[in-house]
Amino acid sequence: MYKYKDKIRYSLVDNTGTVPPYEILNLFQNCSTEQSESIGKGVKFMLGLNKAWVLIGYKLIINRPVKYEENIIVGTEPTDFKGFFGRRNYCIMDEDEDFIVKADSLWTLIDLDSRSPLRITEEDFVGYELGEAFEDVRADRKMSFKSEGEEQKAKIVPKSFIDNNGHMNNANYLRLAYEYVDDIDKAKEISIAFLKEAVEGQKIVPFVHKEEDGVGVTFKSVDGDELNKVFVKF
């Protein structure tokens with residue numbers, strides 16, 4: 001597993017003094033990006049190939065909050081490449097290497113011009129050492145809610161939400177969900193499905209689903225296309 005030590009600084013915590021889940025996603029993103037850079041397959045390299053790895057599914061198990069000034073270990077490793085999909089584990093551990101957060105993620109490789117998925121070849125993942133997948137957490141892009149969902153006021157995707165791949169960064173969907181899920185910082189499990197790209201200036205409409213075992217949020221385009229789903233369990 002690729003991992004490094006870090007310390008939780010003030011800019012990462014919210015008003016509870018702990019790291020909100022969307023910042024956990026940013027810690028994970030930094031870790032996998034650092035791993036890619038370490039084997040010569042970082043951001044500039046991928047842009048040179050006109051390719052990008054795009055996140056399409058996430059599941060997090062949060063054993064406890066990550067605290068201000070806490071010394072942590074952030075880790076990641078790919079666990080599978082097959083067809084059009086790749087999987088990657090993430091974790092945050094304390095100094096004794098006990099798990100604070102564990103996560104599984106599902107990815108696809110796209111052509112940056114056509115935005116179409118590409119079949120993954122051995123050349124695409126050479127240099128990465130495959131690890132063993134976590135048995136107790138698995139991301140799934142398929143997500144459905146029993147309740148119809150209550151429509152909320154539409155939001156405009158700001159320029160600051162756009163990442164290097166030209167679409168709304170994955171962590172920002174979870175950041176938006178904060179407005180619709182009470183006490184999301186106390187979540188024990190979070191699942192996210194990325195269905196369609198959202199771009200700068202696009203209007204997106206949130207729908208809140210009150211489920212028996214948690215709260216879900218569906219983000220749709222004004223035409224009704226599902227862009228993203230978030231499900232939070234406490």
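The side chain of Tyr128 makes a polar contact with the side chain of Ser36 at 2.6 Å (a pair of N or O atoms within 3.5 Å, where one must be able to donate a hydrogen and the other to accept it, and residues adjacent in sequence count only if both atoms are side-chain atoms). This is a predicted model, in which local features need pLDDT of at least 70 and side-chain atom pairs count only at pLDDT 80 or more, while totals for chains, interfaces and linings use all residues. Residues are numbered from 1 along each chain as its sequence is written, and side-chain values use heavy atoms, with hydrogens and water left out.

**Around Tyr128**
- Tyr128 has a relative accessibility of 11% and therefore counts as buried (under 20% relative accessible area, with a 1.4 Å probe and protein chains only).
- Leaving aside neighbours within four places in sequence, Tyr128 is in contact with Gln35, Ser36, Ile39, Lys41, Pro78 and Arg88 (heavy atoms within 4.5 Å).
- Between Tyr128 and Tyr2 there are 9.8 Å in space, C-alpha to C-alpha, although they are 126 residues apart in sequence.

**Whole chain**
- The chain has 4 helices and 12 strands (DSSP runs numbered from the N terminus: H or I of at least four residues for helices, E of at least two for strands).
- Along the principal axes, the C-alpha atoms of the chain fill a box of roughly 45 × 45 × 30 Å.
- Of the 234 residues in the chain, 50% are buried.
- Among contacts in the chain with a separation of 6 or more, 71% are between residues 24 or more positions apart.
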